[in-house]
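Got a model open and want to know what its side chains are up to?

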Amino acid sequence: MRGKGGGGLFNPDIDVRYLKGIGEAKAKALARLGIHRAGELLSFFPRAYEDRSVIKTVSHLSEGESACVRAMVVSEPELSRLGGRKELLRFRVSDSTGTLLINIFNQSWLRQKLRRGESYIFYGKTQLFGRSFAFTNPIIEAEDEAGRLTGRIMPVYRLTSGINQRDIGRAVRQVLDGVGLDVPEALPAETARRNRLCTARYAYENIHFPGSAHALALARQRLVFEELFTLVCALSLVRGEGEAKPGIALEGRDFSAFTSTLPFSPTGAQLRAIADCARDMCSGRLMNRLVQGDVGSGKTLVAAALIWLAAENSLQSAFMAPTELLAEQHYATLSGFLSPFGIKIVKLTGSMGAKAKREARAALASGEAALAVGTHALISEGVEFKRLGLVVTDEQHRFGVAQRAALQAKGERAHVLVMSATPIPRTLALIIYGDLDVSLIDELPPGRQRVDTFAVTSAYRKRLNGFISRLTGEGRQVFVVCPAIEADPEAMKELVSAEEHTLELRRALPGLSIECIHGKMKPRAREEIMARFAAGETDVLVSTTVIEVGVDVPNAALMIVENAERFGLSQLHQLRGRVGRGGHKSYCVLVSDAKNPESQERLAAMTHIYDGFKIAEEDLRLRGPGDFFGARQHGLPELHIADLGADMDVLKSAQSAALELLEADPNLARAENRPARAAAERLLAVTGERLS
Ligand code: ADP
Ligand code: MG
């Protein structure tokens, strides 16, 4: 690449240590920030900005505010030594409205530079000092050179030891000047034009050195759009979308033989979801369907019906769950549904012994087993299928794009069914799951009651224990969920650990049988405790969030969540869904001593919102998207500037622009689209995925 606009030859691929002002040491610091080559500085976006563009008069300053002041030095700067090597330079400055005291530590050389009677721009944070205001270590610029450090919006970069804001700012400046107009451009010109985006050059200039708040907004808009556009392209290319995809065509869509063996009749919504999937699977095209349904809506049954259909067609299925415990539960549940038909099921999880794994693998390779239920061990343990026809992933948002693709690749044109209890707006679903069809289970099985929810403080502990005693006296069972596993000395006071809490409950409720289960236990031990609880032998099960998803104990009627403020609303909703499954009046108690209004508002929301979709929306609104749609959780590449939740509007337009482009040129092979493809490849390089 060669600089055009800015000046002469500049190679953005040079090592950063060749930039002016960056030597070996600072290059090392930059390397810690992930920057090795000069050009990479362009995409090292500021993490924040400091608005030094507004110049205020002294009389308009308020305490604690950061601002610029244009003022004249009115007292001779006085230097005093403070012991050790500390020096203080102190003087007064005035504008027509008032006087400000300036304190400067350890920069005695400024005494020579600052002249009484001359005006400067000072940028600092206002502190109250006696009866007047003061700035300590302000940024100072002479009036005639103002505009470089003051009077403008300044970038604030992420730092590491050995490098400061100024170093990075100057290095970025050099690169911007060096590359001139030759900045990286991922968007096809037509796309940029139609979406009224500023040029890449303008965007990179103003994201680092905003000419104004408006310029910054335009720059950000462009770069967010570009990043999301690139993400959509990248994911679509990974999935190989755009190519016509035939699937194995199954036969027979009459499920009555299957449903007649069930202990209950499927709900209308379950039957519709089953019919949607069966239609896909018999169509000759590949099924790629998401079944979304609130906790307890009965998604497992939908999967079981389709696994049955596959088995009827002599095809194997794989069912992948995010945790061992869940895999164990699904194994048990699916066995219940499918064993009447002589369908052989094997389990495959990471913690199984070598021999058991070997046997499971053999049964799958020979085709003797028609279903494998497991964790991601299904992908990693060298599993082979004789004829895999259906891949089901449960709680799909916990798996990455690559994991799902890897499981599917174990078959030839295997159908894909993903199940999720987390409602996700359509635009995000497209990003996370790709272009799939959606069936909604919008109806709960009959007899379900609302789980009355209360938010209380730990002052209610006694009454809460009384409540436990009463319900268990009536024969019901209780879940208690705690956020931490062992007593951590630092967080002790604040966090209730599962083990500590178990001891406390045993002391308070000596007549009850109380057990504790957590993720650090051996699966065998966990399984036994779970089994005892499921069989009704235990009254109270204290746990960490290992029970978050899927666990099914119809006799449980009370869910207590300790330190409830630590959980996301959707997570709390999932937990609450663990009770109220058996027709007994059920309750959820959220215990929290959190004082901040935001936590209180969130917990209060749980007491009056009972619809999972509404909860998810509320979660987004209150908590912001960070945790809820965290990129990591979905196995997506890390984004540098866009925020999947907050930049929803941009996401929509970037998405439709990308999909339109991909429709016209599925592999982005045309000359004008190659930069977009290259950008997509760079984005994926980070996650280790490669395009074919
Ligand atoms: P999800 O995975 O959607 O949260 P599950 O598949 O675990 O829900 O089902 C929750 C509970 O509801 C299970 O105990 C299941 O046996 C039961 N169930 C499923 N469908 C029905 C139905 N149609 N009628 C009654 N109970 C049902
Ligand atoms: Mg489930």
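Buried means under 20% relative accessible area, exposed means over 50%, and partly exposed is in between, with a 1.4 Å probe and protein chains only. This is a predicted model, so local features need pLDDT of at least 70, side-chain atom pairs count only at pLDDT 80 or more, and totals for chains, interfaces and linings use all residues. Residues are numbered from 1 along each chain as its sequence is written, chains are lettered from A and ligands numbered from 1 in the order in which they are written, and side-chain values use heavy atoms, leaving out hydrogens and water.

Q: Is serine 80 buried or partly exposed?
A: Look for serine 80 in strand E4, residues 78-81; strands (E, at least two residues) and helices (H or I, at least four) are DSSP runs numbered from the N terminus. Its relative accessible area is 32%, so serine 80 is partly exposed.

Q: How far apart in space are serine 80 and phenylalanine 105, C-alpha to C-alpha?
A: Along the sequence, serine 80 and phenylalanine 105 are 25 residues apart. In space, their C-alpha atoms are separated by 9.8 Å.

Q: What separation do the C-alpha atoms of glycine 367 and arginine 387 have?
A: Glycine 367 sits in the loop between helix H11 (354-366) and strand E15 (371-374). It's partly exposed, because its relative accessible area is 33%. Arginine 387 is 20 residues from glycine 367 along the chain, and the C-alpha separation is 7.1 Å.

Q: How many salt bridges does the structure hold?
A: The rule asks for a side-chain nitrogen of Lys or Arg within 4 Å of a carboxyl oxygen of Asp or Glu. One of them joins the side chains of arginine 17 and glutamate 24 at 3.3 Å, N to O, and arginine 17 is partly exposed at 31%. The total for the structure is 28.

Q: What is the N to O distance between glutamate 65 and lysine 56?
A: Glutamate 65 counts as buried because its relative accessibility is 19%. Lysine 56 has a relative accessible area of 26%, so it's partly exposed. Their side chains meet in a salt bridge at 2.9 Å.

Q: Which residues are linked with Arg173 in a network of salt bridges?
A: Start with the pair glutamate 205 and arginine 173, whose side chains meet at 2.8 Å, N to O. Glutamate 205 lies in helix H5 (residues 200-208) and arginine 173 in helix H3 (residues 165-179), so this pair ties together parts 32 residues apart in sequence. Glutamate 205 is buried at 18%, whereas arginine 173 is partly exposed at 26%. The network links Arg173 with Asp177, Arg201 and Glu205.

Q: Why does the pair of phenylalanine 225 and phenylalanine 229 get its class, and what is that class?
A: Rings of Phe, Tyr and Trp (its six-membered ring) pair if their centres lie within 6.5 Å; planes under 30 degrees apart are stacked, over 60 edge-to-face, and the rest tilted. By this rule there are 11 aromatic pairs. The rings of phenylalanine 225 and phenylalanine 229 have centres 6.2 Å apart and planes at 15 degrees, so the pair is stacked.

Q: Which helix holds both phenylalanine 225 and phenylalanine 229?
A: Both residues are buried. They're four residues apart, about one turn of the helix, and the helix is H6 (residues 213-239).

Q: Which ring does the charged end of arginine 450 sit over?
A: A charge sits over a ring if NZ of Lys or CZ of Arg is within 6 Å of the ring centre and within 35 degrees of the ring normal. For arginine 450 the distance to the centre is 4.2 Å, and the ring is that of tyrosine 610.

Q: With which side chain does aspartate 452 make a polar contact?
A: Aspartate 452 is in strand E19 (residues 452-456), and it counts as buried because its relative accessibility is 18%. A polar contact is a pair of N or O atoms within 3.5 Å; within protein, one must be able to donate a hydrogen and the other to accept it, and residues adjacent in sequence count only if both atoms are side-chain atoms. At 3.1 Å, the partner is lysine 585.
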